[in-house]
Amino acid sequence: MKTLTPRAITAMKGVEKIAALTAYDYRTARIMDAAGIPLILVGDSVGTTLLGYANTLSVTLADMIRHAAAVVRGVQRALVAVDMPFMTYQASIAQALRNGGLVIQRTGCQALKIEGGEFRAPTIAALVQNGIPVLAHIGLTPQSIQVLGTRVQGRSDAAARQLIADARAVEAAGAFAVVVETVPAALGAEVTAAVKIPVIGIGAGPGCDGQILVINDILGLSGDFHPKFVKQYADLDAQIATAVSAYQADVQNATYPGPEHSYE
Ligand code: KIV
C-alpha cells in the first residue's frame, strides 16, 4: 500500500473532504489507518490526553518522538504529521531545522506541524526548502494558551483579516495544508475559499476542506472535557469503568479465573 504524500493531501482539496484524527500509539493508529483515515496527527495534545498535564506546554521533543515512532509503526497508508512541541522551533530557524530534522529521522514521519501564521512563515519556508513538509496551524494555537486563552479567534474584522492573511502566508511559505482552530464557521469558510491548500478545521465549521479531532474526545475518553465542536461517537470512559468494576467484582467473588482461564 502506498503512503499518502503531502502532495496527495493537498490534491484532496475540492475532491473529497479530509477526515483527520490524532493518534498517540501503535494500536490506535493501526485501526485508523485500516479505516482509511488519510491524515494522522501525533498531536502535542498527548500531554493532556495521555500524560495528565493541564496543557500542552510541558510536552517535550522526547515525548513526541516516543509516541510518533509508535504511530508510524502502525501506519501503512496515512500521512503521519507530528506536532513540534512548545519552544522546540520558536527560538530560531536553526533550532526548528535541527529539532525538525531529528523528529523526521527518529520517527519516520512524513511531516511536521508547527503553530503560527504570517510571523511563522519564514520558519515554514526554511523547513520546506530543506525537505521537511509542514502542516501549519493558525487561529487558536494551544501553545499560546497563556496569551490567547481558549476563546474563539477572529471575531473582530481586524482579527478575521489577520486570519486570512495568516492562511495566505503559510500557503505562500509552502505548507501543504493548514489547521484552523476555533473560529466562527463563516470565517472558516472564508479562509477555505482564500487559499488553494486544504483547510482542516477544528471548531471552524462545516465550510472547511476537512476536519480534525482528538481521538480521545470522539471516543468519550476525556473526562469532563467536552468542547462544543466535538462530536462524541463512543463512551469509553464509562465502558472502561464498567469493565474494571466487573473484573474487580469477579476477583473478589472468586468467579475469575474460572476453569476456562486455568491450566490443567
Ligand atoms: O495537538 C493536537 O491534537 C492538535 C489538534 C489540531 C488536534 O494540534
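This is a predicted model: local features need pLDDT of at least 70, side-chain atom pairs count only at pLDDT 80 or more; totals for chains, interfaces and linings use all residues.
Colleague: Which strands form the barrel, and in what order do they run?

Modeller: In general, strands of a sheet pair through backbone hydrogen bonds, in either a parallel or an antiparallel sense. Here, eight strands make a closed barrel in the order β1-β2-β3-β4-β5-β6-β7-β8, with parallel pairing. On average, neighbouring strands of this sheet are turned by 25 degrees against each other, direction ignored.

Colleague: How many bridges pair β1 with β8?

Modeller: Four bridges pair β1 and β8 in the parallel sense. Within that pairing, A19 stands opposite Q211 in β8. On the β7 side, β7 and β8 are also parallel and pair over two bridges. There, G201 is the residue that stands opposite Q211 of β8.

Colleague: What joins β4 to β5?

Modeller: These parallel strands are joined by four bridges, with β5 spanning residues 134-139.

Colleague: Which strands does helix α8 lie across?

Modeller: Helix α8, residues 157-173, lies across β5 and β6. Its direction is at about 170 degrees to that of β5.

Colleague: How much space lies in the largest pocket, and which residues lie nearest its centre?

Modeller: The largest pocket holds about 770 Å³ of space. Its lining comprises 35 residues, and S45, T48, P142, E181 and F225 lie nearest the centre. Both strands and helices contribute: α3 (46-49), β4 (111-115), β6 (177-181), β8 (210-213) and α10 (215-218) each supply at least two lining residues. By class, this lining has 15 nonpolar, 14 polar and six charged residues.

Colleague: Which residues lie nearest the centre of the second largest pocket?

Modeller: They are G203, Q211, L213, F229 and K231, from a lining of 24 residues. The space in this second largest pocket is about 440 Å³. Strands β1 (18-22), β7 (199-202) and β8 each supply at least two residues of its lining. Sixteen of the lining residues are nonpolar, five polar and three charged.

Colleague: How many salt bridges does a search of the whole structure find?

Modeller: Two are found. One of them joins the side chains of D209 and K13, with an N to O distance of 2.8 Å. This pair links distant parts of the chain, 196 residues apart: D209 is in the loop between β7 and β8, whereas K13 is in the loop between α1 (6-10) and β1.

Colleague: Is the peptide bond from Y256 to P257 cis or trans?

Modeller: The bond from Y256 to P257 is cis, with omega near -5 degrees. P257 itself lies in the segment after α11 (236-252).

Key: Residues are numbered from 1 along each chain as its sequence is written. Side-chain values use heavy atoms; hydrogens and water are left out. On a 1 Å grid over the protein atoms alone, a cavity is a set of points where a 1.4 Å probe fits but cannot get out, and a pocket is an open set with protein on both sides within 12 Å along at least five of seven lines; lining residues have an atom within 4 Å of a point. Grid points are joined across faces, edges and corners, and a volume is the space filled by probe spheres set on the points. Ala, Val, Leu, Ile, Met, Phe, Trp, Tyr, Cys and Pro count as nonpolar, Asp, Glu, Lys and Arg as charged, and the others, Gly among them, as polar. Two strands pair if DSSP finds at least two bridges between them. Axes are lines fitted to C-alpha atoms, for helices over the stretch in contact, and angles run from 0 to 180 degrees between N-to-C directions. Contact means heavy atoms within 4.5 Å. A salt bridge is a side-chain nitrogen of Lys or Arg within 4 Å of a carboxyl oxygen of Asp or Glu.
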